[in-house]
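Subject: Structure handover and findings

Hello,

Here is the structure I promised to pass on. Please open it next to this email and follow along.

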Amino acid sequence: MSNPYPLGLRLEGRRVVVVGGGAVATRRVPALLDAGADVLLVAPELTPALRAQADAGRLRWVPRRFAPDDLDGAWLVQVAVDDPLAAESVSVAAAQRRVFCVRADDRTAATAWTPAVTRHGPVTVAVLGGGDPRRAMTVRDAIRDLLGARKGTLLTPAVEEGSLPNAQPGGRVALVGAGPGDPELITVKGWRLLTEADVVVADRLVPGLLLDELRADVELVDASKIPYGPSRAQEEINRILVDRALAGAFVVRLKGGDPYVFGRGGEELLACAAAGVPVTVVPGVTSSIAAPAAAGIPVTHRSVAHEFTVVSGHLAPDAPASLVRWEALAGLRGTLVILMGLKNLAAITATLIAHGRSPQTPTAVVQEATTGAQRSLRSTLGAVAADAVAANLRPPAVVVVGDVVGTLDV
Ligand code: SAH
């Protein structure tokens with residue numbers, strides 16, 4: 001058998017017929033849709049996942065067995081049925097119409113093979129194993145590990161998005177959520193952009209291990225070391241982001257948790273926009289949900305809490321600048337998650353109780369969640385402020401108020 005000739009098919013708007021609606025089709029269809037193909041699915045029955053795609057209008061479903069005319073106008077057909085006779089009839093119809101035919105049931109009968117694939121930003125690696133799909137997957141996994149390895153040095157400039165010939169000239173900024181503390185809780189996209197950065201501007205709460213692994217030539221700016229008051233420091237950070245980007249650098253602004261949850265991400269976006277610097281925002285796993293979870297507390301639970309409210313406690317309830325209506329929050333039944341609330345915890349809990357929330361409401365504090373230093377405490381709304389002081393809990397910590405605290409304790 002001759003070697004196959006590899007191609008990257010550009011399927012946008014082009015008809016691809018998938019014959020079969022079972023497990024194989026379920027695995028094949030998403031990549032076709034991702035490539036923008038006009039998918040026609042021919043099968044008497046569908047798996048629930050495929051049915052959902054059809055119901056959402058992402059593909060067209062013809063609910064019957066295959067007929068040769070189904071291939072009229074198609075550029076490609078994928079056969080995902082077990083029955084060899086049915087599969088062969090698709091092959092015959094495909095050959096008559098000069099349509100390439102992928103066969104899940106019999107690779108030797110196929111006129112095209114689907115490779116094992118790994119994607120890394122703009123780069124797609126496709127591996128054919130000479131007829132052995134497992135060999136292809138083994139090689140693919142090795143390449144994926146190499147490209148995704150937590151070592152930016154492995155990415156040669158040719159693989160980096162910013163250096164592709166058609167990439168936008170000039171610099172740009174990505175606001176990336178680093179997650180709550182565990183370095184593995186950054187998103188795949190956030191991690192990739194970090195490995196591609198020329199400059200990284202990092203917050204105090206960003207997992208140190210992520211920074212440990214940056215390439216040696218990356219300029220690292222520690223935003224917590226900027227020696228001004230909070231508002232001057234923010235102006236200075238905005239200035240660094242804009243200046244570096246205008247000088248042509250790819251700047252990653254790495255922020256704890258999610259960039260838009262009490263992270264001043266919006267201000268940084270506006271500063272960049274005002275200077276004409278393109279910005280990408282990569283959401284992160286926020287501590288407001290992850291810290292409770294790390295202490296075994298779900299922020300919602302069936303028949304316990306149908307809502308959760310995230311609030312900043314950095315201002316005392318009676319502070320003139322406070323935007324929080326604590327008396328209204330006291331009337332809610334659901335889960336209340338308070339960030340930056342340790343300093344004002346006595347005043348906050350007293351206000352909630354004064355306006356009607358029961359002092360017996362289960363309450364927890366989780367400090368440095370998802371890190372090796374995580375500590376947590378279970379108490380009640382009435383006692384938590386004193387208990388947190390007695391236990392010497394320190395920021396960063398999240399306070400969780402509500403019946404969800406303890407729900408999963410067994
Ligand atoms: N953007 C961040 C929040 C920034 S405000 C996010 O989405 O998570 C900083 C506050 O977040 C801290 O005072 C603390 O209340 C909370 N916080 C951040 N990381 C935390 C962690 N690992 N454990 C507990 N609380 C954390």
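Below is what turned up, from the whole chain down to single residues.

Please keep in mind that this is a predicted model.

Overall shape

The chain has 12 helices and 17 strands. Its radius of gyration is 27 Å, well over the 22 Å that the globule rule gives for 410 residues, so the chain is more spread out than a compact globule. Along the principal axes, the C-alpha atoms fill a box of roughly 80 × 55 × 35 Å. Buried residues make up 43% of the 410 residues. Take the contacts with a separation of 6 or more: 60% of them join residues 24 or more positions apart.

Domains

The chain is divided into domain 1 (15-114), domain 2 (169-285) and domain 3 (288-401). Between domain 1 and domain 2, the C-alpha centres lie 44 Å apart. UniProt, in an unreviewed entry, places "domain: Tetrapyrrole methylase" at residues 173-384. In the model, that stretch is 31% helix and 21% strand. Its end C-alpha atoms are 41 Å apart.

Helix 9 covers residues 287-294. Which of its residues are buried? They are Ser-288, Ala-290, Ala-291 and Pro-292. These buried residues pack against strand 13 (308-312), strand 14 (335-339), strand 15 and strand 17 (397-401). Just after the helix comes Gly-296, with a positive phi of about 80°.

Gln-367 and its surroundings

Strand 15, one of the strands that helix 9 packs against, runs over residues 362-367 and holds Gln-367. Is Gln-367 buried or exposed? Its relative accessible area is 5%, so Gln-367 counts as buried, the cut-off being under 20%. Setting aside neighbours within four places in sequence, Gln-367 is in contact with Ala-373, Gln-374, Arg-375, Asn-392, Leu-393, Arg-394, Pro-396 and Ala-397.

One of those contacts, Pro-396, deserves a look of its own. A cis peptide bond joins Pro-395 and Pro-396, with omega at about -5°. Pro-396 is in the loop between helix 12 (384-390) and strand 17.

The loop between strand 11 (250-255) and helix 8 (265-274) contains Phe-262. Arg-264 also has its place in the loop between strand 11 and helix 8. Phe-262 is not a glycine, yet has a positive phi of about 45°. Arg-264 is not a glycine either, and its positive phi is about 60°.

How accessible is Phe-262? Its relative accessibility is 41%, so Phe-262 counts as partly exposed. Arg-264 has a relative accessible area of 35% and is partly exposed too.

Rings and charges

How many aromatic pairs does a search of the whole structure find? The count is 0. The charged end of Arg-14 sits over the ring of Trp-75, 4.5 Å from the ring centre. Likewise, the charged end of Arg-172 sits over the ring of Phe-250, at 4.0 Å from its centre.

Best wishes

Technical notes: Residues numbered from 1 in each chain as written. Predicted model: local features only at pLDDT ≥ 70, side-chain atom pairs only at ≥ 80, totals over all residues. Heavy atoms only, no water. Helix = DSSP H or I, 4+ residues; strand = E, 2+ residues; numbered from the N terminus. Buried < 20%, exposed > 50% of the residue type's maximum accessible area, 1.4 Å probe, protein only. Contact = heavy atoms within 4.5 Å. Phe/Tyr/Trp six-rings, centres within 6.5 Å; stacked < 30°, edge-to-face > 60°. Lys NZ or Arg CZ within 6 Å of the ring centre and 35° of its normal. UniProt positions renumbered as here; feature names shortened; annotations may be inferred. Domains from an automatic or database assignment. Rg over C-alpha atoms; globule rule 2.2 N^0.38 Å.
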